[in-house]
Amino acid sequence: MLHQIQESDKIYFTFPLANHRKIYTHVYCQSTMLDTNSWIFGCINSTSMCRQGVDLSWKAELLPTIKSLTLRLQDYPSLSHLVVYVPSIHGSKFVVDCEFFKKETRSIQLPVTHLFSFGLSSRKVILNTSGLFYNIELLNFGQIYQAFKINVVSKCSGVKEEITSIYKLHIPWSYEDSLTIAQVPSATEISVKLHIAQPENDSHVALLKMYTSSDCQYEVTVKTSFSQILGQVVRFHGGALPAYVISSILLAYGGQLYSLFSTGHCLEYATMLDKEAKPYKVDPFVIMVKFLLGYKWFKEFWDMLLLPELDAIVLTSQSMCFPLVSLILFLFGTCTAYWGGLLSSMSVRLLSSLWLTLKRPSELPKDIKIISPDLPILTVVLIIVSWTTCGAFAILLTYLYYVFKIVHLQASLTTFKNSQTVNPKHSRRSEKKSNHHKDSTVHHLRLSASDAEDSLRMHSTVINLLTWIVLLSMPSLIYWLKNLRYYFKLNPDPCKPLAFILIPTMAVLGNTYTASIKSSKLLKTTSQFPLPLAVGVIAFGSAHLYRVPCFVFIPLLLHALCNFM
C-alpha cells in the first residue's frame, strides 16, 4: 500500500489486523517524514472507533532517508487496528508505505562463497516480488578472515522520480552494522567483513537488510574478495609481522655463520635469505607443539618447564587464527627482510661515500684487535647511560656506534679498491703481504679485501637484526622523551636488562671481522642456534613482541664470544 501525499490535514490511515493475522505474520510500515515523533499507533480491542491505543513509534528504526517499523503480529494479540498518523504539513511532500507479509517470503538464504574461491565463483539471488523489505541471510559467514563483495543491481520499470534504496548489513553478535544508500536503478557494491568473529555458542546469522522499492527488481550477488582477505590478515595479524621479519633474518644469519664455518667465506645476505628463509623450517614445529599441547601429559610437562603459552593457542582462543596465516605472514616477512636489507646496504654505501667526501680516505686495519683501548671505556659509558636514563636510549646509541664502525669499514674497503684500480702492481704486493699475514695468529692478522667484504656481509645482517631491536624498543624511548621534564631516569625500564647485555655484545661485534672467528671452536655451535631461535620467535613472539629481542641477543652474544673461544 503506497500513499504519496503533497499536503495533509491530519490524515489517519487505519489497517484492521483481524483478517490479516490469518494470512500474514508481519506488518511493515515506513515514512519519509522524519521530523515527527509519534506517527504509528496500535488500537487495543477496538471495533468502529479507537478508544484506547498504544504508541508504537518508539519501536521504529530511524534510517538516513526513512523511518521504518516491522511488527510480528503474534506479539501483539490485543491490537485490533494499526493506525498511521500524518500531521498537518503544508507544502511538504512525503511518502508513507505499509504492507503485510509472511516472514518466509521476505527471508532469503544466501550461502557465501568459500574462502579459497578467490572471487572466481559467485552466488546470487533475485528478488522478483514487489516488496518493501527483505532479509538476506548470509549463511556460513562468521569468521574474521572472511571478506566478500556484495553487488546489488536494481532494475526499475515506469519510475520517473528518483528512488532511494537502503542496504543495511546487520551483525547480531557485535555492534558493527553498516548502511549503504543507493539511488535506483543502479549497481551498488558493498564490502562485507567482520570486526569480531561469531562466538561458538551464538546461532544468529549475519543479515543484509534491504529497504527496497516496490517498482524495482533486485539481483544480489556475493563473491569472495581476496584483496580484502589480505587486508583482514594485515589488520588482525599485522602486529605479528616484525616477528616473522626477524625470524627470516635469523635464518639467514644462521646460514651465513654456517657458511663461514664450512667454507671460510660469508655469502651475501640476500643469497642466504633466499636459501634459508623457508616456512617449512619454522611452521611445522609450531604446529606440532600446538597439537601436542592438546594432550594433558605434554601440557603438564610444558608447565613444569615454566614455558609461556604458545601464541598460536592464544590467537585460536580469541577466534583470530586464520588458515595459512603463518605462511602468508612468513612470505610478507621475508619480503620485508629482503627490502630492509637492501635499504640498509644502500644506506651504508651512501654514508661511506659521504664519509669519503668529508674526511681523508682511511685504510683497511693493519692489525685486527678485538679490544681496542677505547672499547672498555665506551662500553662503561653506555652502560652508565642506560642505568641513569633509559635503556632504549642506550640501545639507540649502541646502534649508531655500530653503524659508524660499519660505515668506516665500507669507506676503507672502497678506498682500497680505488687504489687497487689506480695502482694494480702495488695492490698485488699488498694482497700478497696480506695473505702472508693471514698465517699468523688472530691478534696480528692484517685484514685483506676479501675478508673485509665477508665482514661487511656479516655486519649487514647484524645491522638488520639490530635495527628491529631498536624499532621494538622505540615505544619505551618515546615515552621517556615525552616525560623527560618530569624525571630523568625511566623507572620501570623494560629495556634496561636488554641494554646491559646488548651494549658489550655490540661493542665487540663492531670490532669483529670474519677472519678473527673462522677458527673459533664455538662457531659451529653458534651457527646452529638461529634456527631454533627463529622458531621461538614465531612461537612466543608473534603476539608478544616484547619477547622478540630476548631471542635475538642470544646468537649475537654467541657471535661475540667466538672472538674469545
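This is a predicted model: local features need pLDDT of at least 70, side-chain atom pairs count only at pLDDT 80 or more; totals for chains, interfaces and linings use all residues.
Where is the place of Pro-492 in this structure? Pro-492 sits in the loop between helix H14 (474–482) and H15, and the peptide bond that joins Asn-491 to Pro-492 is cis, with omega at about 0°.

**Regions annotated in UniProt**

- An unreviewed UniProt entry places the feature "transmembrane region" at residues 241–261, 310–332, 377–402, 462–482, 494–513 and 533–558.
- Over one of these stretches, residues 377–402, the chain is 92% helix and 0% strand, and the C-alpha atoms at the ends are 15 Å apart.
- Over residues 462–482, the chain is 95% helix and 0% strand, while the end C-alpha atoms are 30 Å apart.

**Helices H4 and H5**

- Two packed helices are described by the angle between their axes and by the distance between the axes.
- Helix H4 (residues 241–263) and helix H5 (residues 269–276) pack at an angle of about 110°, and their axes are 8 Å apart.
- Because angles of 65 to 115 degrees count as roughly perpendicular, H4 and H5 are described as roughly perpendicular to each other.
- On the H4 side the contact involves Ser-248, Ile-249, Leu-251, Ala-252, Gly-255 and Gln-256, and these meet Tyr-269, Met-272, Leu-273 and Glu-276 in H5.
- Sorted by class, the residues of the contact of H4 with H5 are six nonpolar, three polar and one charged.

- Helix H18 (residues 548–561) is mostly covered, since ten of its 14 residues are buried.
- The buried residues of H18 are Val-548, Pro-549, Phe-551, Val-552, Phe-553, Pro-555, Leu-556, Leu-558, His-559 and Ala-560.
- What covers these buried residues includes H4, helix H13 (449–472), helix H15 (496–509), helix H16 (523–528) and helix H17 (530–541).
- H17 and H18 pack at an angle of about 175°, with 9 Å between their axes.
- Because angles over 145 degrees count as roughly antiparallel, H17 and H18 are described as roughly antiparallel to each other.
- In this contact, Pro-530, Leu-533, Gly-536, Val-537, Phe-540 and Gly-541 of H17 take part, together with Val-548, Phe-551, Ile-554 and Pro-555 of H18.
- The contact of H17 with H18 has eight nonpolar residues, two polar residues and no charged residues.

**Two buried residues with polar contacts**

- His-81 lies in strand E8 (residues 79–86), and because its relative accessibility is 14%, His-81 counts as buried.
- The side chain of His-81 makes a polar contact of 3.0 Å with the side chain of Ser-80.
- If residues up to four places away in sequence are not counted, His-81 touches Thr-14, Phe-15, Pro-16, Leu-17, Phe-41, Gly-42, Cys-43, Ser-46 and Thr-47.
- Ser-344 is found in helix H9 (residues 325–358), and at 14% relative accessibility Ser-344 also counts as buried.
- The side chain of Ser-344 reaches the backbone oxygen of Gly-341 at 2.9 Å, and the side chain of Ser-344 also makes a polar contact with the side chain of Asn-464 at 3.0 Å.
- Once neighbours within four places in sequence are left aside, Ser-344 is in contact with Ile-463 and Asn-464.

**Backbone details in loops**

- Most residues other than glycine have a negative phi, and most peptide bonds are trans.
- Asn-140, a residue other than glycine, has a positive phi near 65°, and Asn-140 is found in the loop between strand E12 (133–139) and strand E13 (147–156).
- Because residues over 50% count as exposed, Asn-140 is exposed at 61% relative accessibility.
- Leu-306 has a positive phi of about 60° although it is not a glycine, and Leu-306 lies in the loop between helix H7 (296–304) and helix H8 (311–317).
- At 74% relative accessibility, Leu-306 counts as exposed.

Note on methods:
Residues are numbered from 1 along each chain as its sequence is written. Side-chain values use heavy atoms; hydrogens and water are left out. UniProt positions are given in the numbering used here, feature names are shortened, and annotations may be inferred rather than shown by experiment. Helices (H or I, at least four residues) and strands (E, at least two) are DSSP runs, numbered from the N terminus. Axes are lines fitted to C-alpha atoms, for helices over the stretch in contact, and angles run from 0 to 180 degrees between N-to-C directions. Angles under 35 degrees count as roughly parallel, over 145 as roughly antiparallel, 65 to 115 as roughly perpendicular and the rest as oblique. Contact means heavy atoms within 4.5 Å. Ala, Val, Leu, Ile, Met, Phe, Trp, Tyr, Cys and Pro count as nonpolar, Asp, Glu, Lys and Arg as charged, and the others, Gly among them, as polar. Buried means under 20% relative accessible area, exposed over 50%, partly exposed in between (1.4 Å probe, protein chains only). A polar contact is a pair of N or O atoms within 3.5 Å; within protein, one must be able to donate a hydrogen and the other to accept it, and residues adjacent in sequence count only if both atoms are side-chain atoms.
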